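The sequence and the model come first.

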Amino acid sequence: KRHLLVLLRQLSEVGLIPAAAAHLDTEAAGRELRTALLAEIQAFQTSANPEILPAVDRHVNEHVEELRRLFGGGELGDFAFVRQHAEERAEQHFPLEVSLHAYRCGHRVLSQWLRQAALAAGVSSQRAVAAVADFSIEYTNTISTIAAASYEARTCAPPYAQNGQRTDLPDTLV
């Protein structure tokens, strides 16, 4: 996350933060991201779990709002929404690989969205474009790392710990 802070500072220095925030259409980005994910990743549509598509919608909106908040000058958060999403997918035994692929697919859409906002804000220097590209890559790396760690932690935890019911082993055996 340290590198994200550096990149956010660079985006501010080149004038993108907060100028680009006014040009970030979150509704359009959310629709485009959802469409891209469902077109590229069949597992979302073929899952028998009725909670998957609503979870995808919710998570898409969380990322779009987080990026808008960051580009508006907000402080870098702890990505609790990424952890929660990964833990829920782990509990449902939804493949981690699919979620990580979704982040890679989302990277293409969101980086284009951020570049378009930069251009609309009138910030089109080579340094600004490079800063947006670097930020997009680092954001995707960060959320992927957090998601993978949270997913693995949830799947490796003993069943009683997964439900928040920590007990001593003797109590469990009885």
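How do the residues of the lining of the largest cavity divide into nonpolar, polar and charged? They divide into 11 nonpolar, seven polar and one charged. The model behind this answer, and behind the rest of the report, is predicted.

## The largest cavity

The structure holds two cavities of 30 Å³ or more. The largest cavity has about 210 Å³ of space in it and a lining of 19 residues. Nearest the centre of the largest cavity lie Leu37, His59, His63, Ala102 and Tyr103.

Five helices each give at least two residues to this lining: H2 (26-40), H4, H5 (80-91), H6 and H7 (126-156). H6 gives the most, with six residues.

## The second largest cavity

The volume of the second largest cavity is about 40 Å³. Its lining consists of Leu67, His107, Leu110, Ser111, Leu114, Phe135, Ser136, Tyr139 and Thr140. H6 and H7 each supply at least two of the lining residues.

By class, the lining of the second largest cavity has five nonpolar and four polar residues, and no charged ones.

## H4 against H6

Helix H4 covers residues 52-71 and helix H6 covers residues 96-120. Their axes come within 12 Å and cross at roughly 40°, so H4 is oblique to H6. The crossing is right-handed.

On the H4 side the contact is made by His59, His63, Val64, Leu67, Arg68 and Phe71, and on the H6 side by Tyr103, Leu110, Trp113 and Leu114. These residues divide into seven nonpolar, two polar and one charged. His59, His63 and Tyr103 of this contact are among the residues nearest the centre of the largest cavity. Leu67, Leu110 and Leu114, also part of the contact, line the second largest cavity.

## H4 against H5

The axes of H4 and H5 come within 11 Å and cross at roughly 165°. An angle over 145 degrees counts as roughly antiparallel, and therefore H4 is roughly antiparallel to H5. This crossing is left-handed.

H4 contributes Ile52, Ala55, Arg58, His59, Glu62, His63 and Glu66, which meet Phe81, Val82, His85, Glu88 and Arg89 in H5. The contact of H4 with H5 has four nonpolar, three polar and five charged residues. His59 and His63 are found in this contact as well as in the contact of H4 with H6.

## H2 against H4

For H2 and H4, the axes come within 9 Å and cross at roughly 135°. H2 is therefore oblique to H4. The crossing of the two helices is right-handed.

The H2 residues in this contact are Thr26, Ala29, Gly30, Leu33, Arg34, Leu37 and Leu38, and they meet Leu53, Val56, Asp57, Val60, Val64, Glu65 and Arg68 in H4. They divide into eight nonpolar, two polar and four charged. Val64 and Arg68 of H4 take part here and also in the contact with H6. Leu37 of H2 is one of the residues nearest the centre of the largest cavity.

## The largest pocket

About 160 Å³ of space lies in the largest pocket. The residues that line the largest pocket are Leu5, Leu8, Arg9, Ser12, Ile17, Leu70, Gly73, Gly74, Glu75 and Leu76.

Helix H1 (residues 2-13) provides the largest share of this lining, four residues. The classes are five nonpolar, three polar and two charged.

## Backbone geometry

Most residues other than glycine have a negative phi, and most peptide bonds are trans.

Ile17 and Pro18 are joined by a cis peptide bond, with omega at about 5°. Pro18 is in the loop between H1 and H2, and Ile17 also belongs to the lining of the largest pocket. Phe79, which is not a glycine, has a positive phi of about 60°. Phe79 sits in the loop between H4 and H5.

Technical notes:
Residues numbered from 1 in each chain as written. Predicted model: local features only at pLDDT ≥ 70, side-chain atom pairs only at ≥ 80, totals over all residues. Heavy atoms only, no water. Axes fitted to C-alpha atoms, helices over the stretch in contact; angles between N-to-C directions. Parallel < 35°, antiparallel > 145°, perpendicular 65-115°, else oblique. Left-handed = near helix turned anticlockwise from the far one by under 90°. Contact = heavy atoms within 4.5 Å. Nonpolar A, V, L, I, M, F, W, Y, C, P; charged D, E, K, R; others polar. 1 Å grid on protein atoms, 1.4 Å probe; cavity = no way out; pocket = protein on both sides within 12 Å on 5 of 7 lines; lining within 4 Å. Points joined across faces, edges and corners; volume = space filled by probe spheres on them.
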